[in-house]
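Work through the exercises below with the sequence and the structure open. Each task is followed by a solution in steps.

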Amino acid sequence: MAYDVNTRIVLGALNAGIGQTHVNSLLSCMNVPSINHTTFKAREREIGKAVESVAEASCMESSHEERKRAVAAGSQIDDEGLVGVLVSYDMGWQKQGKAYNSPTGHGAVLGVSTGKDPVGYIHNELPHGKDLHGTSLQQALQNLFDEYATETITTKLAPRMDSQRNESLNGTIGSKNLKIRHYGGSESSDFRTTCGVAQHNEGHKFVNKTLFKAGITPGTFCLNHQQQEDLKSIKDKIRRKKKAASFKNYQNNYKP
């Protein structure tokens, strides 16, 4: 029983973005015996491998789905069996500021087809959020870009995609691998980053899958909480889409 409890509490710490000191502060207030550093680190390495396994499986599943959709959309399979797919790429750092000298960080490639739908862009600093317009402005921009719109240059450019879905992933990872704390001195940073990837791909139910992977039954309270969190995420996504659609409609119908 102690084995299960220690493993569970360490997984909870990784998911919540806290460490052993913070866990013990909570346990002491509950008048529950604390967990020492050796036990915490041993259980972290144990459950961390389980999280990595869950995250890797979810990434493989997403890759297969991305390939299938690309083929269905008309992408050709080359002689090596490879298929070209559209992706967006971004990086994140576990250090505040510009982070040019950060010793830890991560890079993520997200498939455009299976990634999250981007919310419509809104100009926050322009009147009523509407686009700039006018023939003189259009001509000035046309003259500027004509210099670079040569065949030699365009063949070197990749299709333009936004990285908003990557920012969502970076935010999830940042909630577990906080920049104000240093977890990069050990594999703890990798495990926390992996938790973010698993949650992005699987939702909050990745916790349940990780526990099953470790041979532990999640239990009723754990299952219910993850279901509630996933339901909340779905509702928030629907709310943001409705808000964006409403504002877009306002933009289209606005007459100065």
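Buried means under 20% relative accessible area, and exposed means over 50%. The model used here is predicted.

**Exercise 1.** Decide whether asparagine 170 is buried or exposed, and find what it touches.

Solution. Start with the location: asparagine 170 sits in helix H6, residues 164-176. Its relative accessible area is 13%. The cut-off for buried is under 20%, so asparagine 170 is buried. Next, list the contacts, leaving out residues up to four places away in sequence: Asp90, Met91, Gly92 and His106.

**Exercise 2.** Determine which residues of the largest nonpolar core touch the most other members, and which elements supply the core.

Solution. The core has 20 residues, and those touching the most other members are Leu11, Val23, Ile35, Phe40, Ile47, Val207 and Leu211. Two or more residues each come from H1 (2-16), H2 (20-29), H3 (37-72), H7 (188-202) and H8 (206-213). H3 gives the largest share, five residues.

**Exercise 3.** Describe how H8 packs against H9.

Solution. First take the geometry: the axes of H8 and H9 (residues 220-253) come within 9 Å and cross at roughly 145°. Then assign the contact: H8 contributes Val207, Asn208 and Leu211, while H9 contributes Cys222, Leu223 and Gln226. By type, these residues are four nonpolar, two polar and no charged. Check burial on H8: Phe206, Val207, Asn208, Thr210 and Leu211 are buried. Finally, follow leucine 211, which touches Arg8, Leu11, Ile216, Pro218 and Cys222, not counting residues up to four places away in sequence.

Notes:
Residues numbered from 1 in each chain as written. Predicted model: local features only at pLDDT ≥ 70, side-chain atom pairs only at ≥ 80, totals over all residues. Heavy atoms only, no water. Core = buried A, V, L, I, M, F, W, Y, C linked by side-chain atoms within 4.5 Å. Buried < 20%, exposed > 50% of the residue type's maximum accessible area, 1.4 Å probe, protein only. Helix = DSSP H or I, 4+ residues; strand = E, 2+ residues; numbered from the N terminus. Contact = heavy atoms within 4.5 Å. Axes fitted to C-alpha atoms, helices over the stretch in contact; angles between N-to-C directions. Nonpolar A, V, L, I, M, F, W, Y, C, P; charged D, E, K, R; others polar.
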